[in-house]
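Here is a friendly walk through a structure, from its overall layout down to single side chains. Keep the viewer open as you read.

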Amino acid sequence: MTQTEEKGKDLVTCSTELTSSIRLWSAKRRETVQTLRSLADELMEHYKNVHIAKVSGSSASIGGFILVATGFGLAAVSLGTSLILSAVGGAICAGGGATVAGSSIVQTKIFKTKLATAQEIIDDDRKAQEPVQELLNDLCREVSKESLGSLKNHLACNLSVALLVKKPGRCEQRCEFSWC
């Protein structure tokens, strides 16, 4: 076996390993993207619910304040009877404030949990990408060992890998060289 044939086999091995590694990684990437999208949808749903709770709590607090102010304003005319209205308004204000505070606390907790989950998923994806990057680096080293006469083979092999990355699992176009 000549040195050129041996280099060609090294390139074939690197290229084949890279292709299979890219297929595995692309499946993991699709799963990662799908999971992150569902997490984003959940976060948006929670955000919407928290926003509704904050608006409702704020509205209740404003309504309660109006009752408090009205009760105190009529206290002199009603000989203190309207202070009951102020007490009810105060309770409503407190309930509205508690709703706003509670929804803010829940929002912080939910967002922290979901973002930690998303970071875990991204880290797993990054780890899954490492073998692909290593194989790509190996392929680049092998190609750089080749002579200028095999530049056409190198470009054709890169085209094949690029097509696979662009359309994983659908790469029908094959390189015209047997080793690529």
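Helices (H or I, at least four residues) and strands (E, at least two) are taken as DSSP runs and numbered from the N terminus. With that in hand, the protein chain shows three helices and zero strands, and from the N terminus on its elements run α-α-α. Bear in mind that this is a predicted model: local features need pLDDT of at least 70, side-chain atom pairs count only at pLDDT 80 or more, and totals for chains, interfaces and linings use all residues. Residues are numbered from 1 along each chain as its sequence is written, and side-chain values use heavy atoms, with hydrogens and water left out.

Let us begin with the chain as a whole. Its accessible surface comes to about 11,900 Å², of which 62% belongs to carbon and sulfur atoms; such areas come from the Shrake-Rupley method with a 1.4 Å probe, and for residues only the protein chains shown count as cover. A residue is called buried under 20% relative accessible area, exposed over 50%, and partly exposed in between (1.4 Å probe, protein chains only). On that scale, 28% of the 180 residues of the protein chain count as buried. Contact means heavy atoms within 4.5 Å. Among contacts between residues at least 6 apart in sequence, 78% join residues at least 24 apart.

Where do the buried nonpolar side chains come together? A nonpolar core is a set of buried Ala, Val, Leu, Ile, Met, Phe, Trp, Tyr and Cys residues joined through side-chain atoms within 4.5 Å. The largest one here has seven residues: Cys14, Leu18, Ile22, Trp25, Val132, Leu135 and Leu139. H1 and H2 each supply at least two residues of this core, and its largest share, four residues, comes from H1. To see one member in its setting, select Cys14: leaving aside residues up to four places away in sequence, Cys14 touches Asp138, Leu139 and Glu142. Leu24 counts as exposed because its relative accessibility is 66%. The C-alpha atoms of Leu24 and Val132 are 9.3 Å apart in space, although the two are 108 residues apart in sequence.

Now for the charged side chains. A salt bridge is a side-chain nitrogen of Lys or Arg within 4 Å of a carboxyl oxygen of Asp or Glu, and a search of the whole structure finds three of them. In one, Arg29 pairs with Asp125, with 2.6 Å between the closest N and O atoms. Arg29 lies in helix H1 and Asp125 in helix H2, so this pair ties together parts that are 96 residues apart in sequence. Arg29 is partly exposed at 30% relative accessibility, whereas Asp125 is buried at 7%.

Another salt bridge joins Lys114 to Glu42, the closest N and O atoms being 2.4 Å apart. Because Lys114 lies in helix H2 and Glu42 in helix H1, this pair ties together parts that are 72 residues apart in sequence. Lys114 counts as buried at 18% relative accessibility, and Glu42 as partly exposed at 33%. The remaining pair is Arg126 and Asp123, whose side chains meet at 3.2 Å, N to O. Both lie in helix H2, three residues apart, about one turn of the helix. Arg126 is partly exposed with a relative accessible area of 47%, and so is Asp123 with 28%.

Finally, consider the annotated segments. The unreviewed UniProt entry carries the annotation "transmembrane region" for residues 55–77 and 83–106; positions follow the numbering used here, feature names are shortened, and annotations may be inferred rather than shown by experiment. In the model, residues 55–77 are 83% helix and 0% strand, with the end C-alpha atoms 34 Å apart. Residues 83–106 are 100% helix and 0% strand, and their end C-alpha atoms lie 34 Å apart.

Two residues give a closer look at this part of the chain. Ser86 lies in helix H2 (residues 83–145) and counts as buried at 7% relative accessibility. Leaving aside residues up to four places away in sequence, Ser86 touches Leu67, Val68, Gly71 and Phe72. Ile62, by contrast, has its place in helix H1 (residues 3–73) and is exposed, with a relative accessible area of 54%.
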